[in-house]
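This report goes through the structure shown below, part by part.

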Amino acid sequence: MGCDTRTSTSAAPAEYRDLFQEFKGQEGELITILVRVQERFGYISEESLKQISRFLKLSENQIFGVASFFSKFRFDAPGTTSIKVCMGTACHVHGGSQLSDAVGWRLGINFGQASRDGRFDFQRVNCIGACALAPVVVVNEQVHARAMVTSMQELLESHE
Amino acid sequence: MMNRFLEAQTKAKRAWSELTANSEPVIYIGSGTCGMAAGAASVGQMVQETLDKHGLHARVLRVGCIGPCYLEPLMDVKLPGKPRISYSNMDSTKVRQVLEALLLKGGTASEQAFAHFGEEQGPFTAGIPRFQDTPVMRHQVRMVLRNCGHIDPEDIDHYLANDGYVGLANALAQSPETVIEMVKEAGLRGRGGAGFPTFRKWQICRGAPGDTKYVICNCSEGDPGAFMNRSLIEGDPHCVLEGLLIAGYAIGASQGYVYINSDYHLAIQRLRKAIAQMHEHGLLGENILGSGFSFEIKLKDGGGAFVCGEETALIASIEGRRGMPRFRPPFPAIAGLNGKPTIINNVETLGTLPNILRHGAAWYSRHGSTGNAGTKTFSLVGKVRRPGLIEVPLGTTLRQIIYDIGGGPWKPFKAVQTGGPSGGCLSEEFLDLPVEYEAMASAGSIMGSGGMIVVDEDTCAVDLARYFLGFTQAESCGKCVPCRVGTYQMGRILDDLACGRGKPEDISKLQNLAETVRRTSLCGLGQTAPNPVLTTLRHFRAEYLAHAKEKICPAAGCKELVEYHIDPGKCTGCQRCVKVCPTEAIRGARSETHVIDPNLCIRCKACFEVCRYDTLAGNAITYSSRRSQS
Ligand SMILES: Cc1cc2nc3c(=O)[nH]c(=O)nc-3n(C[C@H](O)[C@H](O)[C@H](O)COP(=O)(O)O)c2cc1C
Ligand code: FES
């Protein structure tokens, strides 16, 4: 990760300008800004680090240091179909790890990765608040309650 | 200013009584996170379609979680002049049936009904129990959750009509010292886990020198199987914000923060709306209700790290730094955010304050037991028949919670874990333990913030300890050596045991390490991380020994020690399992007995499921613990 903090006279690209509008440029806003950037672009790119660095007048290293502390921030582009397997306690005791093994095997990737063709994105989440429906898998923001390994396989096939 | 509040309140009450003594039917849709996950959106759509189809009119309210999440999606209907009736596990067909029965045919569809909310039984509700009399609710007391599921959380008028902000008005009419005194008399203890008396923390902060002080609402909720704080905010955001104002007034702060997990989208959206409404009503800003007290609230996104629930790590993260804890003292009440005196309270602690200020200390401490006043919410989940969000008086026993409220597990009970990854795992002989701070601690567990997970005989104690330790190890911030290295080493020993590579002496090694990490870690994360290991070692030692000596997992819960078998007598040769196996571990021609290659099997259970539930299959696949070769 670079640590180039030379200020440039060129203004931030429009999409970042919009994004930064609600902020004052204080260090305490860093995490919220990271959250907004990730919501907008799906991940924190090197370009994002550079823009945040200019806006907050913090080094890119410092920003990356904070961002990488929190497992929710990612630094590579997500795959198209998002698959989140809940690894919370309730889901674990209802067989969540079997589900994730089967999904991971099928896609040939581990948690936190996108499939090589970029079509799938595989993440773990810790409790989405639907423990009564455990185990749950979230596919493109759609919650699949009481998920079974076999139904997940069918679902993946339908997205393939 | 006060007049403005009273006017708003009168107007809200009038609108509320029109709603409840309505001329139009009211339809309530449970739209908390649990309801949405179960399909509340399509229930809402179907409600609208049914109304449109018959040219009917009704008020549709989207309310928060009312508690019994296992019944979601829930739809309640209140006809004019009649009690509200609750219908559970709705789908499109049921929505149509119920609405047509109620709105067109004059019936109640009582066979679909779960409960009604009337004061007493009448002919209209024949065959339907009162909500409060159902087994899941009978032992519960709704204090902090009183509005959840009953009001539209996005409408401040609903909150005002139900005596919202009366607690704040009462507080502002008294001196901050009197407010602190009331909270002391009520006996309120922090609901974030440790149970520290709320008034004492406040006193220290109020007495600390300096004009700038802060109060922070802790909605980090990092326990990976708990959702009570999120549900409270989703269902009744104003009660938490009102509590934040009361706390701010008591300690002399004019700035409050809500530190909230940024994945809690619905809760954040509701807080934003609520804060805007408070401004409109003069409940935030300068000179609130003409009292001279000024206050502002900001939302702060939490990065979702478990350690950020710890006070000093939380502060670091609000300041835009890595969420690492620091040594205490100084305590945040003396030197916290930006070095200023700061109070951090849990969501539920704050949500309880309006009740205390409205009804008085004695009213609050009616419930609960000596030294453990009031109620506590729990997310009761895992292997119970009726999982959901519950609220019980302190002093209720674990047995009452798990069996009377939760309906007990289907298979024999094994253990209950309270306090999440920081808590302990209690076996059957502790079922009659009252849920109180000291009693839980003496049993080696903690009250915690409200996670409560029940497991049955299918869960292996070693696997459970390994799961929690894996979590805390990944969440360890790495600042202090005992936690960073100790949890890693403990994890390796547990991995070995779970895979059948362990040795009997590993168990005492694990015990010693656990004790060291507990005693020497810098913050609460490391100090409590060994709890699941220590308690399972204490209560399920035989199971550890079976893994270490015989290399088997008696509960068949450790994947690495499990083997799948096909019963040749039952196998129909349907090839269903051959098709679903992701690793091609199962072979066999059609109509011939199939066999599983244990070396290719990843134990994902797909074959087991399909063999059990597919009509052509013979339920021939079983799994059991094997003896490890190593
Ligand atoms: C690792 C760790 C995680 C914690 N997580 C939370 C949490 O998610 N929510 C919470 O309210 N308190 C949490 N706490 C406790 C807080 O540090 C603090 O004691 C609490 O918020 C104080 O509020 P209370 O007095 O109202 O209970 C955590 C503590 C530790 C050590
Ligand atoms: S543990 Fe998976 S939803 Fe709560």
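## Chain A overall

Chain A exposes about 7,300 Å², and carbon and sulfur atoms supply 45% of that area. The values in this report come from a predicted model. Of the 160 residues in chain A, 52% count as buried. The C-alpha trace of chain A spans about 55 × 30 × 25 Å along its principal axes.

Chain A contains seven helices and five strands. Read from the N terminus, their order is α-α-α-α-β-α-α-β-β-β-β-α. When contacts between residues at least 6 apart in the sequence of chain A are considered, 62% of them join residues at least 24 apart.

## Helix α4 of chain A

Helix α4 of chain A covers residues 60-69, and its buried residues are A:Glu60, A:Ile63, A:Gly65, A:Val66, A:Ala67 and A:Phe69.

## Helix α25 of chain B

Helix α25 of chain B (residues 606-613) is mostly covered, with six of its eight residues buried. The six are B:Ala606, B:Cys607, B:Phe608, B:Glu609, B:Val610 and B:Cys611.

The cover over the buried residues of α25(B) includes elements from both chains. Chain A contributes α7 (149-159). Chain B contributes β17 (562-566), α24 (576-580), β18 (586-587) and β20 (621-625).

## B:His238

B:His238 sits in helix α11 of chain B, which runs over residues 237-251. Is B:His238 buried or exposed? Its relative accessibility is 1%, and buried means under 20%, so B:His238 counts as buried.

Neighbours within four places in sequence aside, B:His238 is in contact with B:Ile156, B:Tyr159, B:Tyr165, B:Ala274, B:Gln277 and B:Met278. With B:Gln277 there is also a polar contact, side chain to side chain, at 2.9 Å.

## The site of ligand 1

Ligand 1 is surrounded by 18 residues, of which the closest are B:Gly192, B:Lys201, B:Asn345, B:Asn346 and B:Thr349. By type, the shell around ligand 1 divides into three nonpolar, 10 polar and five charged residues.

Which atoms of the protein lie by oxygen atoms of ligand 1? One is a polar side-chain atom of B:Lys201, at 2.8 Å from an oxygen atom of ligand 1. Backbone atoms also take part: a backbone N or O atom of B:Glu221 lies 3.0 Å from a ligand oxygen atom, and a backbone N or O atom of B:Gly222 lies 3.4 Å from one. On its own, ligand 1 has 610 Å² of accessible area, and the protein covers 87% of it.

Two elements of chain B, β9 (342-346) and α21 (524-528), each give two or more residues to the shell around ligand 1. The largest share, three residues, comes from β9(B).

Methods. Residues numbered from 1 in each chain as written. Chains lettered and ligands numbered in written order. Predicted model: local features only at pLDDT ≥ 70, side-chain atom pairs only at ≥ 80, totals over all residues. Heavy atoms only, no water. Near = heavy atom within 4 Å. Polar contact = N/O pair within 3.5 Å; in protein donor to acceptor, adjacent residues only side chain to side chain. Areas by Shrake-Rupley, 256 points an atom, 1.4 Å probe, with all protein chains shown as cover. Helix = DSSP H or I, 4+ residues; strand = E, 2+ residues; numbered from the N terminus. Nonpolar A, V, L, I, M, F, W, Y, C, P; charged D, E, K, R; others polar. Buried < 20%, exposed > 50% of the residue type's maximum accessible area, 1.4 Å probe, protein only. Contact = heavy atoms within 4.5 Å.
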